[in-house]
Every structure is written in structure tokens, then in C-alpha cells.
Amino acid sequence: MPLRPDGDGRIEPTPAVLRDRHLPTKDLLPPPSDGRYAATVNAVPATVLARSTWQAACPVKAADLRYLTMSFWGFDEKAHTGEMLVNASVANAVTRVFGELFAARFPIEEMRVTSPAELDAPPTGDGNNTSAFVCRPVRGQQNWSAHAYGLALDLNPFCNPYTKADLVLPELATAYLDRSWRRPGMVLAGDATVRDFAAIGWSWGGAWSSPTDRMHFTATGG
């Protein structure tokens, strides 16, 4: 999509098909066979590390990350299995929270490890991947993001956009700025999702004023 002077995509109206987003999930891992929640916590396989954004310059050692697989409900009302990289110190707590989301049938469109190509790819403005570890700085700053330590995650970004002044990310998600129109996959102040993360000591970026980061949950407050 066309770029703004700051390098982000130009903000454009949300396409009609995405105003109440219900896209099906493409399975990357086998779905749970019995429809029940299942999670695994393991050291990061070399093949997964190689396709992630981790590199030697990252502020966390590869040995201090964990590879999670977790069941989730898609917008297609089917159970799927997702993957995520997080800091080892929060791995078990994160799997518990996603167990609560699964029990509540909170829909998630996709859950996969972020690739290096995605960091430099031109913006499409329509991303909705739920992910945690991404080796990158805080947006607009030089210091490392909590994501770079595996201590933050973004949940359904399209349904829960980031805003700061006139910037909206993802760029096509402007329809989801209307938080009075409650649609599946949204996170709202005081709801069960916010409470589930608060129970493990994580805070919600949707409570911030500038930026307002509705997709963002963090163990560090940043």
C-alpha cells in the first residue's frame, strides 16, 4: 500500500469484507484431535529459531526462549494449533492464559512465529497474527521492545489496532477503532481477556493514552 513520509502505510478505509472480520484459519500444525485445549513448552528447535527473527544481537539468548504450541479457536469456529516464542520465565503462565481463552472460545485468526521477512516487508495493512517474540526496537525508538525479550505479545492486531496521533496499525483496521461495535476477537477494557492476563501480572496496552496499543499485553509494563 502507499507509504506515508514516516515509512508506515497510508491509512485507508477498511474494506467491507474486513469490517467484521471472520476469515478462516490455515492450519500450519495439526489441530487438536479431540477438540480439547492442549499446550506444549519446549526449547526452541533449531529449525524454528532459523525462521524466527532471533539473531545474536538480540537482547535475549536463544536458550532463554521457549517454543509453545497451544490450541485456539479460529473465527471459523474450529479448533486449531498455534505456535509462539516467549521468554522461558513466562512460558507456563502464557499457556495458562491461552487455556482460559480457549475455554471461553475467544477467537484468534492465526498464531505463528514471526519471520525476518515480515520486519522489512512493505505494509499490507491487514495483518492479524497473534505473536510474542519479535526482535525489534520499540516503535519509533532505539531501545529494545518487550517483544525482543519474549515478554510481550500482540493479540488479534487487526481487531485491536495500535493508535498514536493519526497513525493506525494495521493501516486498514480503522473500522475497529469503533469499540462500541463489539465484534469477535476484540479486547475491551475490563473484559475477561484483560482479567486473565492481569491474573499473571501482565498489563494491557489498551489502557495507555498515547500510544493506545489495544493488541498489546506485556509482562514489563512496556
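Is the disulfide of Cys-58 and Cys-135 left-handed or right-handed, given the torsion about its S-S bond? The torsion about the S-S bond of Cys-58 and Cys-135 is about -130°, so this disulfide is left-handed.

## Basis of the description

The structure is a predicted model, in which local features need pLDDT of at least 70 and side-chain atom pairs count only at pLDDT 80 or more, whereas totals for chains, interfaces and linings use all residues. Residues are numbered from 1 along each chain as its sequence is written, and side-chain values use heavy atoms, with hydrogens and water left out.

## The disulfide

A disulfide is here a pair of cysteine sulfur atoms within 2.5 Å, and a search of the whole structure finds one. In the bond between Cys-58 and Cys-135, the sulfur atoms are 2.2 Å apart. Cys-58 lies in the loop between α1 (46-50) and β2, and Cys-135 in the loop between β5 (129-130) and β6 (152-154), so the pair ties together parts that are 77 residues apart in sequence. Helices (H or I, at least four residues) and strands (E, at least two) are DSSP runs, numbered from the N terminus.

Both Cys-58 and Cys-135 are buried, where buried means under 20% relative accessible area, exposed over 50%, and partly exposed in between, with a 1.4 Å probe and protein chains only. Another cysteine, Cys-159, is also buried, with a relative accessible area of 0%.

## Strand β2 and its neighbours

Strand β2 (residues 65-73) has eight of its nine residues buried, so it is largely enclosed by the rest of the structure. Two strands are taken to pair if DSSP finds at least two bridges between them. Strand β1 (residues 39-43) runs antiparallel to β2 and is joined to it by five bridges, and within this pairing Val-41 has Leu-68 of β2 as its bridge partner.

Strand β3 (residues 79-87) is likewise antiparallel to β2, with nine bridges between them, and Ser-71 has Thr-81 of β3 as its bridge partner. With five residues between them, β2 and β3 form a hairpin, and Glu-77 in the turn has a positive phi of about 65°.

## Backbone geometry in the loops

Most residues other than glycine have a negative phi, and most peptide bonds are trans. Against that background, Arg-105 has a positive phi, near 60°, in the loop between α2 (91-103) and β4 (110-111). At 47% relative accessibility, Arg-105 counts as partly exposed. Asn-156 also has a positive phi, of about 45°, and lies in the loop between β6 and β7 (162-164); at 0% relative accessibility, Asn-156 counts as buried.

The bond from Leu-169 to Pro-170 is cis, with omega near -5°, and Pro-170 is placed in the loop between β8 (167-169) and α4 (192-198). The bond from Ser-210 to Pro-211 is cis, with omega near 0°, and Pro-211 lies in the loop between β9 (203-204) and β10 (212-213).

## Aromatic pairs and charges over rings

Rings of Phe, Tyr and Trp (its six-membered ring) pair if their centres lie within 6.5 Å, and planes under 30 degrees apart count as stacked, over 60 as edge-to-face and the rest as tilted. By this rule the count comes to six aromatic pairs. In one of them, the rings of Tyr-37 and Phe-102 have their centres 5.7 Å apart and their planes at 45°, so the pair is tilted. This pair links distant parts of the chain, with Tyr-37 in the segment before β1 and Phe-102 in helix α2, 65 residues apart. Tyr-37 is partly exposed, at a relative accessible area of 27%, whereas Phe-102 is buried, at 8%.

Phe-158 and Tyr-176 form an edge-to-face pair, at 5.8 Å centre to centre and with 75° between the planes. Phe-158 belongs to the loop between β6 and β7 and Tyr-176 to the loop between β8 and α4, 18 residues apart, and both residues are buried. A charge sits over a ring if NZ of Lys or CZ of Arg is within 6 Å of the ring centre and within 35 degrees of the ring normal. Arg-21 lies over the face of Phe-158, at 4.5 Å from the ring centre, and Arg-183 lies over the face of Tyr-176, at 4.0 Å from the ring centre. Elsewhere, ring pairs link Phe-98, Phe-197, Trp-202 and Phe-217 into a cluster.
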